[in-house]
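Let's take a walk through this protein together, one stop at a time. Keep the picture open as you read, and look up each residue when it comes along.

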Amino acid sequence: MSSTVPKAAKAIFGNRAAVVEQAGNAGAEYRGESFLLPRPWIALVVITGAVALLGWLSSEPFVETTVSGGDDEVLLVLPTFSARESGRERALKTLVQASPRDIVPVAALAQLYIERSRSESDPRYLGYAQHLLGPWWQEDSPPPAIQRLRAILLQGQHRFKPAIADLDDLLQRDPHDAQSLLTRATVHQVLGNYREALADCLRLSRYAPLHAIACTGSILSLTGRAASAQTLMSRIEPQLPNEPVATRQWVLTLRGEIAERGNQIEQAERYYRLALNEPLRGPYLLRVYSQFLLRKGQALDALALLRDETHDDSLLLHAAIAAQRIDDKELLRQYMGLIDTRLRNARLRGSSSHYYLAGRYALEIEQLPAKALRLARANWLQSKEERDTELLAAAAVANGDQAVLREIEHWMSAQNAVLPQLAPLLKANANDPR
């Protein structure tokens, strides 16, 4: 391996940059525990995407329908879960029913539900997981396996402050807890706390070198160092053939995002295509690539990619935007009906994690800029991922709200954030005589 470390990494890491260099060939393995890689639902991602072991999980979508009729209205037709249960799931359920306070089967079943929620984009599984953790949910310092899962569930609910508190406690009790480091790095990135995220990425390099490099590369690309990020990411490329398919797809997708942030559009397309060639249609890849196609004005291609993938809220939204852009009124009507139902269900759950969906829907489909700005701002106050900031900037431009745009620019300056997708929006506003 070359002994050089990207100058940008040295500028950020100082003398600790050597840790990143060592990560490329480090042989340390995280203690045999599987990574529960976080996001909502976001998004549900590691740094900019999820890396869950999804291959064995069913991807069969559930059926949605609405019927008018007051208190008897049907909001959702539930799938028959028993028909899709794996032998492992049935065995774990039996163990949990026999001993509901036995941490080992409870944690294993909760982890399985979290993975299924990500693979099927179904938030109800997160509710099932939380129910399993009920006996410990209010404890200040529950057993580590339970507290780690609680932090991931809190993150999925966009309750980031208590999630961070759980992760801080876990890492105080065990500084070598790689899963908690990875989860906390992810939460810090979602919150736009890039320095804190980088610190956790560096600590992670001893236990999970591939994930540490990917974590670091993502932060570099979000702070104007996309070329250095690609150099760093290239170090893990030789080991990809030996990694699980979900990991390969995640790394390739992340490389596409990094290339896009560096305005290397052809290279981004190549990485997205390589990721798409993997025998897995992960929602992270589909979200990122369909947005890439929409940005390029390829609405037909985006719709072809997503037509059968609307079980995920973000993919449904992208499909609706694509249908609108090609003026397919009937398909758009169907998608709008599904989005309206899902937004209503989210409100009934008391969830705030739907603000991005609702805000972009209001801006691009309903074309209600004032409503979009209100929702986009509420979303941005709790989540500052790249797409969240882009939505808020677009809504502010649509409303001519220069105060919000100045707030975004101030935050970007404070965090040293460089988000290329915002440049046209900020430039357009600067030239707006209003």
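Start with Leu 293, which you'll find in helix H14. Keep in mind that you're looking at a predicted model. Is Leu 293 buried or exposed? It has 2% relative accessibility, and since anything under 20% counts as buried, Leu 293 is buried. Leaving aside residues up to four places away in sequence, Leu 293 touches Gln 298, Asp 301, Ala 302 and Leu 305.

Now zoom out to the helix itself. H14 runs over residues 283-295, so to speak a stretch of 13 residues, and it reaches 18 Å from its first C-alpha to its last, close to the 18 Å expected at 1.5 Å a residue. How many of its 13 residues are buried? Twelve of them are, which leaves H14 mostly covered. Among them are Pro 283, Arg 287, Ser 290 and Gln 291, along with Tyr 289 and Phe 292. Here's a handy bit of background: an α-helix has 3.6 residues a turn, so residues three or four places apart point the same way. Just after H14, have a look at Gly 297, which takes a positive phi of about 80 degrees.

Another helix to check is H11, covering residues 226-233. Six of its eight residues are buried, so H11 is largely enclosed by the rest of the structure. Those buried residues are Ala 226, Ser 228, Ala 229, Gln 230, Leu 232 and Met 233.

Met 233 and Tyr 289 bring us to the next stop, the largest nonpolar core, which has 79 residues. Which of them touch the most other members? They are Met 233, Tyr 289, Tyr 335, Ile 408 and Met 412. Not counting residues up to four places away in sequence, Met 412 touches Ala 417, Val 418, Leu 419, Leu 422 and Leu 426. There's also a second, separate core of 23 residues, and Ala 108, Leu 109, Ala 129 and Leu 133 are included in it.

A search of the whole structure turns up one disulfide. It joins Cys 201 to Cys 215, with an S to S distance of 1.6 Å. The two cysteines are 14 residues apart, with Cys 201 in helix H9 (residues 194-204) and Cys 215 in helix H10 (residues 209-222). The link between Cys 201 and Cys 215 is left-handed, with -45 degrees about the S-S bond. Cys 201 counts as buried at 1% relative accessibility, and Cys 215 counts as buried at 0%.

Finally, the rings. There are eight aromatic pairs in the count. In one of them, Tyr 113 and Tyr 128 have ring centres 5.7 Å apart and planes at 70 degrees, so this pair is edge-to-face. Tyr 113 sits in helix H4 (residues 103-120) and Tyr 128 in helix H5 (residues 124-132). Tyr 113 is buried, with a relative accessible area of 7%, whereas Tyr 128 counts as partly exposed at 29%. Ring pairs also bring in Tyr 125, linking Tyr 113, Tyr 125 and Tyr 128 into a cluster.

How values were computed. Residues are numbered from 1 along each chain as its sequence is written. This is a predicted model: local features need pLDDT of at least 70, side-chain atom pairs count only at pLDDT 80 or more; totals for chains, interfaces and linings use all residues. Side-chain values use heavy atoms; hydrogens and water are left out. Helices (H or I, at least four residues) and strands (E, at least two) are DSSP runs, numbered from the N terminus. The expected span of a helix is 1.5 Å times one less than its number of residues. Buried means under 20% relative accessible area, exposed over 50%, partly exposed in between (1.4 Å probe, protein chains only). A nonpolar core is a set of buried Ala, Val, Leu, Ile, Met, Phe, Trp, Tyr and Cys residues joined through side-chain atoms within 4.5 Å. Contact means heavy atoms within 4.5 Å. A disulfide is a pair of cysteine sulfur atoms within 2.5 Å. Rings of Phe, Tyr and Trp (its six-membered ring) pair if their centres lie within 6.5 Å; planes under 30 degrees apart count as stacked, over 60 as edge-to-face and the rest as tilted.
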